[in-house]
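Subject: Structure handover and notes

Dear colleague,

I am passing on to you the structure that I have been looking through, and I would be glad if you kept it open while you read my notes.

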Amino acid sequence: MVKIKIDGVEYEVDEKKNLIDATKEVGVEIPYFCYHPALSIVGMCRMCLIEIEGVPRLQAACNTPVKEGMGIITKSDRVKEARAGTMEFLLANHPLDCPVCDKAGECRLQDNAFGSGTGHSRFEFEKRNIPQEEIGTNLIINHNRCIVCYRCVRFEEEKVGQSNLGLFERGNHSIIGLAKSEPIDHNYQGALADICPVGALLNNKTLFKSRVWWYKSHKSVCHGCSTGCNVTTNVRDNKMYRYMVRENYDQGMFFLCDKGRFDLDWMNENRLHSYLEAGNPSTSKEVLSKMADRMKSAKSIAVLGGAHESNETLASLKKSFESISRELGGKSIQWESRVTEAQNKETEQVDFLLTKDYHPNTKGAVDLGITTTSGISGIISAVKSGAIDLVVVLKESIPEGIDPSKVIVFDTNLTDAAKNASLAAPIQIFAESSGSFTNKNGLKQNFEQSMNAIKGLESSAGVVDLVFHKLTEKAEASVGNR
């Protein structure tokens with residue numbers, strides 16, 4: 001930590017941080033466009049100009065290191081004039097289409113125009129008009145809105161490892177465009193739209209879906225893989241519309257891949273809201289009673305899955321299954337949470353964020369001890385031999401080699417597993433309650449409840465508790481009839 005003066009007031013700041021980030025931590029905002037904490041510094045936008053005591057010229061805060069005893073001025077007339085001039089140039093050709101722009105409400109250009117602009121423009125000529133282009137499988141570029149901050153080009157080159165975009169022409173004719181003949185098709189098209197500080201880059205999948213101020217937002221963790229990227233959920237009318245990046249400086253989390261960002265439709269569509277028997281809707285009373293009977297008559301029980309559930313739900317499930325085992329005279333209940341090859345290996349990356357383990361809480365399940373020495377292959381062999389004659393599957397596919405008539409499924413959606421199993425129960429998705437996931441590095445991260453479950457819909461732990469109560473009810477009834 002070092003001491004510096006900001007507008008005449010002394011603060012203690014982190015000398016390892018960029019001047020923009022260091023001042024932000026003490027409540028002093030320096031406006032910017034091109035700077036990003038996870039990308040290289042280019043100083044292209046000139047929006048972050050400040051005065052430094054003893055230095056005659058204005059300096060860009062983004063490439064100025066913090067030093068002990070330095071004094072900076074962020075609100076002088078000279079600084080304000082320079083920022084206003086920058087805004088005037090940026091807005092010279094920028095269209096006045098905020099009412100129809102998807103970035104409205106979360107646009108850095110709007111924020112800086114209000115904070116540092118003059119309120120009027122001296123530009124009296126016709127604004128340039130370049131047709132909009134589709135440059136990716138899920139990416140549109142509106143050249144007229146682009147302020148050439150170069151964030152998208154740097155992100156692709158430095159993080160994705162591709163060079164699909166480039167800066168072409170000069171001066172007033174400068175545009176960001178495709179450097180190749182093929183459209184962009186990588187896993188970070190959503191991130192490109194996300195880091196664009198204006199509405200130049202947009203995703204087809206979210207275009208014109210909703211105004212940002214209509215969303216209810218909550219802190220959450222991405223469910224797409226074991227990386228556990230921090231996100232903000234955007235919910236409207238109890239439907240999940242968007243995941244947006246929630247920057248975590250301490251953990252270096254600044255981006256989100258498309259696999260996690262756009263895998264949201266299952267939360268809103270094709271939900272399982274009724275209990276099933278042989279694929280047909282039934283009542284909870286009948287299905288829960290039959291689940292209890294199946295557990296009571298089974299020689300041995302296996303539970304598969306659980307890595308999609310929160311740590312808290314897993315702990316409750318473990319306790320409930322232990323209670324059932326005791327109630328059934330110590331009957332063997334084996335639980336294997338690792339149902340895919342990727343879950344049984346050291347973490348393998350698909351790219352710089354996405355892993356091959358598409359479960360958000362494999363590490364949490366392993367830490368809780370819900371694994372077996374033989375793994376899922378051993379359980380499948382035991383089912384085939386008849387040593388295990390009942391399998392409970394938690395939001396997973398029924399493994400090949402297991403007879404669906406021996407399977408009970410708990411699922412959030414009307415999947416093939418739920419349809420084919422002998423009995424199936426609907427459960428809540430993780431976003432319908434609060435909890436935590438443990439990511440690949442062992443970092444436990446909390447998430448808030450984002451959506452409301454329909455009345456009567458239980459968590460997987462809640463369903464197992466109901467089954468346990470069915471078992472104890474029958475025991476009490478038999479005692480009372482003697």
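What follows is a short account of the packing inside the chain, and then of its spaces.

This is a predicted model, in which local features need pLDDT of at least 70 and side-chain atom pairs count only at pLDDT 80 or more, while totals for chains, interfaces and linings use all residues. Residues are numbered from 1 along each chain as its sequence is written, and side-chain values use heavy atoms, with hydrogens and water left out.

I began with the nonpolar cores, a core being a set of buried Ala, Val, Leu, Ile, Met, Phe, Trp, Tyr and Cys residues joined through side-chain atoms within 4.5 Å, where buried means under 20% relative accessible area, exposed over 50% and partly exposed in between, with a 1.4 Å probe and protein chains only. The largest core has 57 residues, and the members that touch the most others are Phe155, Leu201, Tyr243 and Met267. Among the elements that each supply at least two residues of this core are α2 (77-92), α4 (151-160) and β13 (239-245); helices (H or I, at least four residues) and strands (E, at least two) are DSSP runs, numbered from the N terminus. A second, separate core of 30 residues includes Ala292 and Val463.

The spaces were found on a 1 Å grid over the protein atoms alone: a cavity is a set of points where a 1.4 Å probe fits but cannot get out, a pocket is an open set with protein on both sides within 12 Å along at least five of seven lines, and lining residues have an atom within 4 Å of a point. Grid points are joined across faces, edges and corners, and a volume is the space filled by probe spheres set on the points.

The largest pocket holds about 920 Å³, and of the 36 residues that line this pocket, Tyr32, Glu106, Cys107, Arg108 and Asp111 lie nearest its centre. The helix α3 gives the most to the lining of the largest pocket, with 5 residues.

There are 3 cavities of 30 Å³ or more. The largest cavity has a volume of about 90 Å³, and its 14 lining residues include Cys146, Cys149, Cys152, Cys196 and Leu201, which lie nearest its centre. The second largest cavity, at about 60 Å³, has among its lining residues Cys222, Cys225, Cys229 and Cys257.

With best wishes
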